[in-house]
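Hi there,

Here is the structure I promised to pass on to you. Please open it beside this email, and then read on for what turned up.

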Amino acid sequence: MPNYDKYPAVTVKGFEESVTKGYEAVSAKLKAHQPEKGRFVIAVECYPGVREDEIKQGLTSAFDTVTILHADAIMESAETVTNKIKRNMTDDRVFGFMAPHRLEEFVDEQKLATFREQAAKVQDGVVFIYGVGATLIEENPDLLVYADLTRWEVQQRFETKEIGNWKADNKDEEPLKKFKRGYFFEWRMADRVKQRLFEKADYFLDTEKADSPVMVDGEAYLNGLQQAVNQPFRVVPYFKPGIWGGQWIREVVDLDDDAVNYAWAFDCVPEENSLNLKFGDTIFTLPSINLVYYQPVELMGDKVHARFGKSFPIRFDFLDTMEGQNLSLQVHPLTEYIQDTFGMPYTQDESYYYLDCSDDATIYLGLKEGVDKEEMIADLKRAEKGEISFPDEKYINQFPVKKHDHIAIPAGTIHCSATDSMVLEISATPYIFTFKLWDWDRVDLDGKPRPVHIDHGKEVIQWDRTTSWIEDHLIDQAEVVKEAHSWTEEKTGLHEREFLETRRHTGNGPVTHETGGIVNVLNLVEGEEATVESPSGEFAPYVVHYAETFIIPANVTTYTIRPSGPSEGKTIATVKAYVRT
């Protein structure tokens with residue numbers, strides 16, 4: 001039976017009574033702060049995508065006299081906002097340029113002054129200010145609540161057309177374009193607001209589920225984040241179907257049968273995943289990026305923070321084509337290209353670790369010898385127009401792969417995972433910068449052709465990465481670096497151009513790891529169960545299961561991993577990634 005934990009949580013000790021559930025109880029808790037007489041200001045700063053009408057109705061229900069101000073009314077018009085950000089959004093369906101905007105840039109100063117005057121006139125009773133930008137109207141309210149939402153949930157609301165982007169009348173626009181505006185503009189802007197409120201907020205509000213808020217006080221929330229970076233933990237995975245998706249994830253993770261397939265499993269993408277904090281019996285869900293923002297050094301380590309800032313640089317996810325189809329033929333941008341064209345500081349170097357595959361599985365990787373560049377680009381463009389099927393066998397290598405092979409894919413290398421493979425993708429974090437070159441003459445699940453970016457791709461393809469170079473540098477470069485009586489450590493071979501180091505430990509006994517003050521990300525790639533322990537008792541034993549990705553923060557110094565439960569005495573294997581220093 002599958003034992004993959006789909007809802008992992010960090011148990012927060014010492015704050016079990018700090019949570020409140022449901023609007024009636026939450027509103028009553030806020031009311032308890034109100035003095036008997038005088039003006040009392042409550043500000044509820046909202047992340048874009050939060051159901052603001054629900055917030056207004058739910059949080060004011062316990063108050064008798066309340067003046068309600070919606071922060072959206074102080075903002076410039078949707079047309080003005082869209083025009084201001086137009087250059088960074090571009091006309092592309094997928095890609096924009098990372099926008100540097102701050103929320104203050106979109107405030108109508110005259111409207112703001114009017115609202116402040118209106119709030120100041122209230123001499124007795126509650127002034128309730130809510131929405132994106134509430135703290136711009138009142139920077140120091142008597143009570144500050146931050147209403148948060150994970151990016152994955154925002155995307156779900158995009159998909160169902162429940163919402164459009166902030167200050168955009170675009171509910172019915174295709175999700176790709178709404179995601180683009182979120183990714184390149186509004187989420188970055190909102191995250192800047194969020195970070196300055198971490199230590200100011202009296203309460204944090206989990207708004208993931210409709211009409212089911214969970215509120216925790218600020219001290220408990222921040223303490224929960226501090227506890228998380230001193231122990232192993234997992235973020236909450238999510239799963240997404242795709243045109244090429246397979247059936248492995250459904251079986252191993254034990255997912256429902258509503259979706260036609262599951263192409264992706266995002267098991268460690270802190271920008272997108274959520275993190276569950278458990279207070280007593282109550283789960284509080286927050287964006288896991290908040291942990292990166294609030295505890296960057298403790299989580300990632302001083303050297304990693306110095307290099308990457310508040311960007312978690314390691315990503316683990318699954319690509320499932322078992323009983324599915326090939327991924328698109330694709331390439332990722334070089335560092336200078338992603339910097340100049342999209343405003344990103346580093347690029348999407350990656351690797352494919354084959355967690356499982358059929359006996360005849362293959363990978364498309366690199367160019368054949370003697371490829372004519374102009375001829376190949378011309379054929380890609382003809383294929384994009386539907387004039388031909390791209391003759392991949394003429395230009396692209398196809399290599400056999402087997403279970404536990406690890407293939408390096410530095411940026412600029414043409415690649416594609418083929419059918420009947422289960423890939424654990426271990427990569428740098430920038431994760432949407434895939435230039436599809438050809439998509440096998442198919443349309444996406446929505447019936448539309450998937451975006452192809454040949455003009456971007458031709459600028460970054462490394463034409464000297466041909467058959468012999470690929471065989472020498474990228475195909476399963478595993479080498480043994482250490483052996484003990486019960487385990488073996490192997491360097492599994494990311495290319496020297498990639499900043500991640502990967503190690504595989506295989507054996508039937510305990511293995512001791514030192515973080516060296518650098519965050520470790522691991523996956524149990526063989527065996528049903530393992531236990532992570534601290535030799536000095538820094539944290540409680542932590543159990544992981546097959547295919548689960550888990551994070552060891554830099555704050556943890558030493559840890560051991562051993563087979564446990566049904567794997568006791570049996571061989572297990574983990575793959576570990578960390579930043580080279």
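The second largest cavity has a volume of about 50 Å³. A cavity here is a set of points, on a 1 Å grid over the protein atoms alone, where a 1.4 Å probe fits but cannot get out, and lining residues have an atom within 4 Å of a point. Its volume is the space filled by probe spheres set on the points, which are joined across faces, edges and corners.

This is a predicted model, in which local features need pLDDT of at least 70 and side-chain atom pairs count only at pLDDT 80 or more, while totals for chains, interfaces and linings use all residues. Residues are numbered from 1 along each chain as its sequence is written, and side-chain values use heavy atoms, leaving out hydrogens and water.

Which residues line the second largest cavity? They are F233, V235, P270, L275, S288, L291, V292, L299, F312 and I551. By class, nine are nonpolar, one is polar and none is charged (Ala, Val, Leu, Ile, Met, Phe, Trp, Tyr, Cys and Pro count as nonpolar, Asp, Glu, Lys and Arg as charged, and the others, Gly among them, as polar).

Searching the whole structure gives four cavities of 30 Å³ or more. The largest cavity, with a volume of about 60 Å³, has H505, G507, V511 and I572 among its lining residues. That lining divides into four nonpolar, six polar and no charged residues.

Enjoy exploring!

Terms used:
On a 1 Å grid over the protein atoms alone, a cavity is a set of points where a 1.4 Å probe fits but cannot get out, and a pocket is an open set with protein on both sides within 12 Å along at least five of seven lines; lining residues have an atom within 4 Å of a point.
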